[in-house]
Each structure stands twice: as C-alpha cells, then as structure tokens.
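I opened my notebook and went through the structure step by step. Here is what I looked up.

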Amino acid sequence: MTTQKTPAAEPAAVRARTSAWRRRRASAARFWRQYRTHRAGVAALAVLALFALLAVSAPLLVGSGVADVTDAPGSPLERPDAELPLGADRFGRDLLGLVVWGARVSLLVGLLAAALSVAIGTVIGVTAGHFRGWYATVLMRITDWFLVMPTLVLAIALATVMSRSLLTTVVAIGVTTWPTTARLVRAQTLAVETRPYIERARALGGGHWHVMTRHVLPNVMPLVLAQTTLIISSAILAEATLAFLGLGDPTVVSWGGLLQDARDAGAVSAGHWWYLVPPGVAVAVVALAFTVCGRAVESVLDPRLGVRR
C-alpha cells in the first residue's frame, strides 16, 4: 500500500529546501565579502588560480610530447635563450614546458593527499569526540603515536615498501599527516556536543549518526576547510621531497622529479641554475600561496585569530 504526500506537505518540503539553499548562498556570499578584505589572501588565490589554469591547459600549451627524450628541441643542459626561456634539461627537453606539465602531477597529488588526510582526521576526530570512553582513548593514543613520529620518515617508509606510483605517493602522504586534523576536529566536536540543541536532538530520538552528520559535522566543516588549505601546501612539499629522494613515480613529470633529475645531472656542482631554480620556485610559490590562503580562511572563519590583512 503506497502512501502519497498531501498537497500541503510538498510545498512545505520545497520551501524548506529552498530556504536551506538560500541560507547557504548567503553564507557563501558573506564569506567571500570578508575574504576579499584580506589582500594577501586574494593575491595568493590569484596565484593558485594561475597555476591551476596552467595545469589544466598544459596539454594545449606544451603538448603531451614535452617529456619525450627522442624529439627534444634543445641540446643537453642548454642555457636559457629566446627559444628556450628556461633552458633545457640533461636530455635537451624544454624546461618551461616540463615545469608547466609538472604542475599537473604536483597539484593533483597535493590535492588528493590532502583530501585523504583531512578525511581520515575528520572521521577520527568526530567519532572520538562523540563516543568518548575507551574508543576515544584508543584513537587518541594512536593519534599521539603518529604525532610523535616524524611524518616524512613514515612517508618514506611507506613509499619504500609499496610500488612506485602516484597512488603510493598519495597514500604515503595522506595516512601520515592526519593526526593534527584529528586533534583539532575532536576538540571542536567536544565543544559542539555541549550545546543545548545537541541535547534536544537526542531527546527527540536522534541517534549517533543523526547527531554526528546533521549537527556536529556541519559545525566542524569550517575548521576542516581551513585545515585542508594548510595541509595541501604540506602535501605538495612532501610530494616534491619524495620525488627528489627517488621515491616518486619515475614515469611522470613532477616538480620534485625535475629536482631529482637536476641533482643526478650534477646541476648543483656545475652551476646549472636554470635546471634547479624553476621547479624549486614553483614548489615554494604554490606552497606559500596555499598557506596564505589557509591563514586568510582561518581569519574569516574565526576573527579572534587576528590575522593581519
């Protein structure tokens, strides 16, 4: 026997959804108005947009054959000139094209690793703050163990025992950088759980899943968003470090991989600065831009931080 909604119930549900979307749009507009007042944050966002545009349009700008060593446009370690603005690598490939193409891998790995790290930290933080007891104690002791262990050492260990691929790099970074997020989210969850509407939701029959997903998670998402922008910069640096140490995927071009090639070619001792500087500057600029954006987002979401504009 099927039940049909009454005519009055449907408009009420539609109005509720419309009102919810209107509130979300107003909140997003308010966030953007406040974010625009942070000049450094806007400049960093523009830099990230430029790098993202380069990464997306790399197949059109430089072509997929930029990494081909059989049809290199220059001679090995050729200095910068009009045809090769950033010079050539040890195979004669255009370094400008390699840096642009490498942005695809470096940004993709950084975003995916940060997403994995934040997802793990959020789940552990919310559940540990909600359930408490022995469950929270066990999770927090595991979190403490990861916190005291050097993140880079753990990532190197994982990347060493697993196959050399982009997935390995993402997993190695993601599963070693979540403890800070878990700590922050758990503290915020404990604060949210003390609010009166949580008690009302439980009194009305709301279960654990309802409370965590409908009440706790929306209140910790601003913190998660700010933490994500900060972790992306760390993930990009970690990817460059792993690739520089020879633990990345050797079949793809990334900024860290270019630095490793420069080291293997003896660019440091030979003074071939054009081989080292472009990928190194790209890593530093993108990591700094994400950090500045993260600080600006933090200051918008929590004005008490007093971040300078």
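I started with the contacts of glycine 41. Leaving aside neighbours within four places in sequence, I found glycine 41 in contact with Tyr35, Val292, Cys293 and Ala296. Keep in mind that this is a predicted model.

Next I placed the residue. Glycine 41 sits in helix α2, which covers residues 39–56. Buried or exposed, I asked, is glycine 41? Glycine 41 is buried, because its relative accessible area is 1% and the cut-off for buried is under 20%.

I then checked a distance. Glycine 41 and phenylalanine 91 are 50 residues apart in sequence. From C-alpha to C-alpha, they are 39 Å apart in space.

Then I turned to helix α6, residues 151–161. Its buried residues include Leu154, Ala155 and Ala159. Looking down the axis of α6, I saw that the buried residues fall within an arc of 130 degrees, so they line one face of the helix. On the face turned away from that buried side, I noted the exposed residues Thr160 and Val161. What covers the buried residues of α6, I asked? The cover includes α5 (133–148), α7 (166–174) and α10 (208–244).

Last, I looked at confidence. The protein chain averages a pLDDT of 83, and 92% of the residues score at least 70. Confidence is highest in α2, at a mean of 91. It is lowest in helix α1 (residues 9–35), at a mean of 72. Over residues 305–309, pLDDT stays under 50. The model has nine contacts beyond four places in sequence for residues 305–309. Where pLDDT is low, the predicted coordinates should not be read in detail.

Key: Residues are numbered from 1 along each chain as its sequence is written. This is a predicted model: local features need pLDDT of at least 70, side-chain atom pairs count only at pLDDT 80 or more; totals for chains, interfaces and linings use all residues. Side-chain values use heavy atoms; hydrogens and water are left out. Helices (H or I, at least four residues) and strands (E, at least two) are DSSP runs, numbered from the N terminus. Buried means under 20% relative accessible area, exposed over 50%, partly exposed in between (1.4 Å probe, protein chains only). Contact means heavy atoms within 4.5 Å. pLDDT is the predictor's confidence in each residue, from 0 to 100. The arc is that of the directions from the helix axis to the C-beta atoms.
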